[in-house]
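Here is a friendly briefing to read alongside the model. Please have your viewer ready.

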Amino acid sequence: MGLKRLIVRRGQLFTLQLHFNRPFQFQTDHITFVAETGPAPMELLGTRAIFSLTQARQGNVWSASDFTIDSDSLFVSLFTPANAVIGSYTLKIEISQGQGHSSTHPLGTFILLFNPWSAEDDVHLPSEALLREYILTDYGFVYKGQKRLITARPWNYGQFEEDIIDICFEILNKSLYFLKNPSKDCSQRNDVVYVCRVVSAMINSNDDRGVLQGNWGEDYSMGVSPLEWNGSVAILRQWSARGGQPVMYGQCWVFAAVMCTVMRCLGVPTRVVSNFRSAHNADGNLTIDTYYNRNAEMLPNQKQDKIWNFHVWNECWMIRKDLPPGYNGWQVLDPTPQQTSSGLFCCGPASVKAIKEGEVQLPYDTPFVYAEVNADEVIWLFGDGQAQEILAHNTSSIGNEISTKMVGSDQRQNITSSYKYPEGSPEERSVFMKASQKMLGPGRASSPFLDLLGSGDFQDQPAQLQLHLARMPEWGRDLLLKLHARRVADRAHPRAPIRLEVRFCAQALLHKGGAREPLWRQTVHLNLDFGQEIEWPLLLPFNNYGNKLTDEKLIRVSGIAKVKETGRSMLVLKDISLEPPHLSIKASERAEVGKALGVHITLTNNLTVALSNCVMVLEGSGLIDGQISNELGTLLPGHTIQIQLDLYPIKAGPRQLQVLISSNEVKEIKGYQDIFVAAAGAS
């Protein structure tokens, strides 16, 4: 963070050397230290501390002790309590002799942070490996895509860049809590729960002059597409440089990654977590309804309920003294503005343990997070202005592959078991019923549509349908799929042949849930004898989807099969994520602070269309000061571009180089290279 100023963690000693104009006499020279933070420091509020020089430290309180005298100098150890207010402090001393003259001398300033190394601090994390990952590592990954094709996108957190710590406290000082009552706000900054809630509200700009403005549309012309950010540093610096004007634009992974930077900088162990098929259950009934028409087209949902393809939030590690025993550890915090909490757009901290056990009555916002990972999905056939038939009731389709970066590794860690018991297990259904009773009341002990499901007729189908990809999907190529159909026994026609009319529809999926207008349709007629299996090829041409997708390149292929003999319907779905071209990044074998580090970047356009207006952005804390940006022009199909450049590393240790190439056609072609930088002069 910088060598030119004093930055310390609470609950630990730090040493000062004081120089006097004569030898110090402990018996007659009385020294009193005064430490102050905030706009109107007061002892009663914990923003002012007065403490005298003593021989030994006095417990978990402000103290100056363990001193030694060396001629005209005094070496003294200062201790800050592990529950002190975090912030920027001024420190001064008052010197007096007996009842005589006293004088006050300013010593300077220091910044006090949370201390996860201290067993007395509420953010204590008793593992060096976890502390290296969740406090000291300044890069990581955000997991995106869909549950069957999860992609890791590199991110530069950069929490130790020179000015980031000042920007973090600037964020706290622009919050509505501070503006309303600065003294009270500062006095509560000893409480990690309070600080987390303030930061969660301030990362988005829905209520205040927060850091990021959300945009889930398609027009990013007034700012930067969320896909084109490489890290938090550029976002935080832009917000500060423009006087607190929200940076345009963010979506969930950007909000969460920026919050991770802020919390790690302040000293709170923090990680970024992705939840695939994440529910936004606005009415709190633990049910998300999705509607399709006879043509297999997903219809707009009239309610606010939705299922995000994936959603990204944070977990912060802390003791929860405001909860019953057993709910310490990882807590969910979500800075994406989905709904208000105590009047502001923030979410959490919600105990991950409480979510797993269905203790949704515990603060903060636990019911909302519980629904994100546990809600049931009901899919309806809609026609003639009403829901006509249940196509599916999925109890396990929401809250899949909950993921974070593995400690000390570039691999992904599946942490779903931290949030819930195995899907379909007695424990999972028992917790679901318990949470339902608490959220809906005993009269509505489970999802309100269960009486419609009572017969289970929608599960008794005469055929099994599945959609498979016949080859790897790539943007720019036709998509080949296969419908696999198999006749099985059912109550209505146990062994008789059946006739199916299957209507297919493809739509671009929106990240926030829902879909665009259909981009492809096809109808297939099948005759199935008992036990017979059929594979039917389907072709989705590039010309149909090329200019119809969102920047994230996700397609849903839906099929609704009508059984001629019964009039009943069946649903088959396939979500397709189209992979962009891959970057190749190679660096010299040896990297050393201050010495040239050769980097070679290669991109081959293996698509059938040109990539126009290509721009490359490089970032990496400790490797690059800020960003390096180059315009690359147009990359024709089948052509390769090669970039060679030298970097001059700034800091030693493990580093990550993040590379983004964006174009009009594909916004997010990302890659990374891990680089270990040796100290200057190291052999």
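This is a predicted model: local features need pLDDT of at least 70, side-chain atom pairs count only at pLDDT 80 or more; totals for chains, interfaces and linings use all residues.

Residues are numbered from 1 along each chain as its sequence is written, and side-chain values use heavy atoms, with hydrogens and water left out. Helices (H or I, at least four residues) and strands (E, at least two) are DSSP runs, numbered from the N terminus.

**Strand β20 and its partners**

- Strand β20 spans residues 400-405, and five of its six residues are buried (under 20% relative accessible area, with exposed over 50% and partly exposed in between, using a 1.4 Å probe and protein chains only).
- β20 pairs with strand β13 (residues 270-280) in the antiparallel sense over two bridges; strands pair if DSSP finds at least two bridges between them.
- In that pairing, N400 of β20 has F276 opposite.
- β20 is also joined to strand β21 (residues 412-414) by three bridges, and these two run antiparallel.
- Here T404 stands opposite Q413 in β21.
- A hairpin is formed by β20 and β21, with six residues between them, and G408 in the turn has a positive phi of about 70 degrees.

**Helices α2 and α6**

- Helix α2 (residues 164-173) packs against helix α6 (residues 233-241) at an angle of about 60 degrees, with the axes 10 Å apart; axes are lines fitted to C-alpha atoms, for helices over the stretch in contact, and angles run from 0 to 180 degrees between N-to-C directions.
- That angle makes α2 oblique to α6, since under 35 degrees counts as roughly parallel, over 145 as roughly antiparallel, 65 to 115 as roughly perpendicular and the rest as oblique.
- On the α2 side the contact uses I164, I167, E170 and I171, and on the α6 side V233, L236, R237, W239 and S240 (contact means heavy atoms within 4.5 Å).
- The residues of this contact divide into six nonpolar, one polar and two charged (Ala, Val, Leu, Ile, Met, Phe, Trp, Tyr, Cys and Pro count as nonpolar, Asp, Glu, Lys and Arg as charged, and the others, Gly among them, as polar).

**Helices α9 and α11**

- Helix α9 (residues 366-374) and helix α11 (residues 426-440) pack at about 140 degrees, with axes 12 Å apart, and are therefore oblique to each other.
- From α9, P367, Y370 and N374 meet E428, V431, F432, A435 and M439 in α11.
- Six nonpolar, one polar and one charged residue make up this contact of α9 with α11.
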